[in-house]
Amino acid sequence: MSPDREPAVTDFRDAEAVPELHEVDCPPELREEIEKAMSRYPDRRSASTPALWAVQRHYGWCSQEGIRQAAAVMQVTPAFLEGVASFYDLLRLEPLGRHRILVCHNISCWMNGADDVLGAFCDAAGIDAHEADHGGASSEDGELFVSGFECMGACDIAPMASIDERYYGPFTDADAATVIDQLRSGAEPMPEKEIARRPAAGGPEPPPDPRVEEGV
Ligand code: FES
């Protein structure tokens, strides 16, 4: 580094020091969620991912403030948690959009039209499709983040997408505009396409066959 060049300034205040709880204003519900996660493991650091997930759910991303709060609850350094967060695609270290739409473009979804579905989501959201397919892109108003994504293990509903961490599919191109309108208006996106509500494909278990119960 040249002598007149300033060293890079880290965004994290005291990233290497463990913050005390009284130094951060941790929302009680966030603290409770992190403590609950810690109680499941003999080593509190094992709760790092669920703690960061809780931070992201609370703030929409792993904000510096949220990471410091989690670090204070866990009694680890913010730098440690930032290191964990930077490893996982699904943990965001910058605000990317209130709603996150990850369109799978891996083999099963691709063979079933994922490229067109991704393009339709981008058109409806006003996002550049090339950018979305290469790391993701946000709408100008910051409401929507759309990204191509690798296989999410739900190939049986191809072409599918994860919307705000819930799986939906199979999607048609026309569905994309409907979903974007619903998200912008605060409505639930196409509940009939949510995997958790389907009687198969990982959804709720159907009632047992009465013949099984009766032992026939
Ligand atoms: S290929 Fe899309 S979920 Fe597996």
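**Close-up 1. At 16% relative accessibility, Lys 193 counts as buried.** Here, buried stands for under 20% relative accessible area, exposed for over 50% and partly exposed for anything in between (1.4 Å probe, protein chains only). The model is predicted, so local features need pLDDT of at least 70 and side-chain atom pairs count only at pLDDT 80 or more, while totals for chains, interfaces and linings use all residues. Residues are numbered from 1 along each chain as its sequence is written, and side-chain values use heavy atoms, with hydrogens and water left out. To find Lys 193, look in the loop between helix 8 and helix 9 (210–214); helices (H or I, at least four residues) and strands (E, at least two) are DSSP runs, numbered from the N terminus. Leaving aside neighbours within four places in sequence, Lys 193 is in contact (heavy atoms within 4.5 Å) with Tyr 167, Tyr 168, Gly 169, Pro 170, Phe 171 and Asp 175.

**Close-up 2. Five strands make an open sheet in the order 2-3-1-4-5, with mixed pairing.** Strand 2 (137–138) and strand 5 (166–168) are the edges: each has a single partner strand, so one side of each is left without a neighbour in the sheet. Two strands are said to pair if DSSP finds at least two bridges between them. Strand 1 is joined to strand 3 in the parallel sense over six bridges, and in this part of the sheet Cys 104 stands opposite Phe 149 in strand 3. Strand 1 and strand 4 run antiparallel, joined by three bridges, with Ile 101 facing its bridge partner Ile 163 in strand 4. Ile 163 also stands opposite Arg 166 in strand 5, where strand 4 (residues 161–163) and strand 5 pair in the antiparallel sense over three bridges.

**Close-up 3. Strand 1 is mostly covered, with six of its six residues buried.** In a regular strand the side chains alternate between the two faces of the sheet. Follow that pattern along strand 1: His 99, Ile 101 and Val 103 are buried on one side, and Arg 100, Leu 102 and Cys 104 are buried on the other.

**Close-up 4. Helix 6 (residues 114–125) lies across strand 1 (99–104) and strand 3 (144–149).** Helix 6 runs at about 165 degrees to strand 3; axes are lines fitted to C-alpha atoms, for helices over the stretch in contact, and angles run from 0 to 180 degrees between N-to-C directions. Its buried residues are Ala 114, Val 117, Leu 118, Gly 119, Ala 120, Phe 121, Cys 122 and Ala 125. The cover over them includes strand 1, helix 5 (107–111), helix 7 (129–133), strand 3 and helix 8. Just past the end of helix 6, Gly 126 takes a positive phi of about 70 degrees.

**Close-up 5. Two aromatic pairs turn up in this model.** Rings of Phe, Tyr and Trp (its six-membered ring) pair if their centres lie within 6.5 Å; planes under 30 degrees apart count as stacked, over 60 as edge-to-face and the rest as tilted. Phe 87 and Tyr 88 have ring centres 5.0 Å apart and planes at 85 degrees, so this pair is edge-to-face. Phe 87 is exposed at 65% relative accessibility, and Tyr 88 is partly exposed at 38%. Phe 121 and Phe 171 are also edge-to-face, at 5.6 Å centre to centre and 80 degrees between the planes. This second pair links distant parts of the chain, 50 residues apart: Phe 121 sits in helix 6 and Phe 171 in the loop between strand 5 and helix 8 (173–185). Phe 121 is buried at 0% relative accessible area, and Phe 171 is buried at 4%.

**Close-up 6. The largest nonpolar core has 23 residues.** Such a core is a set of buried Ala, Val, Leu, Ile, Met, Phe, Trp, Tyr and Cys residues joined through side-chain atoms within 4.5 Å. The residues with the most contacts inside it are Leu 30, Ile 34, Met 38, Leu 52, Met 74 and Leu 81. Helix 1 (28–38), helix 2 (48–59), helix 3 (64–74) and helix 4 (78–87) each supply at least two residues, and helix 3 gives the most, with six. Not counting residues up to four places away in sequence, Leu 52 touches Cys 62, Ile 67, Leu 81, Val 84, Ala 85 and Leu 91. Another core, of 22 residues, lies apart from the largest one and includes Ala 132, Ala 137, Leu 144 and Ile 180.

**Close-up 7. Helix 3 has nine of its eleven residues buried, so it is largely enclosed by the rest of the structure.** Among the buried residues are Gly 66, Arg 68 and Gln 69. The buried residues of helix 3 pack against helix 1, helix 2 and helix 4. Just after helix 3 comes Gln 75, with a positive phi of about 60 degrees.
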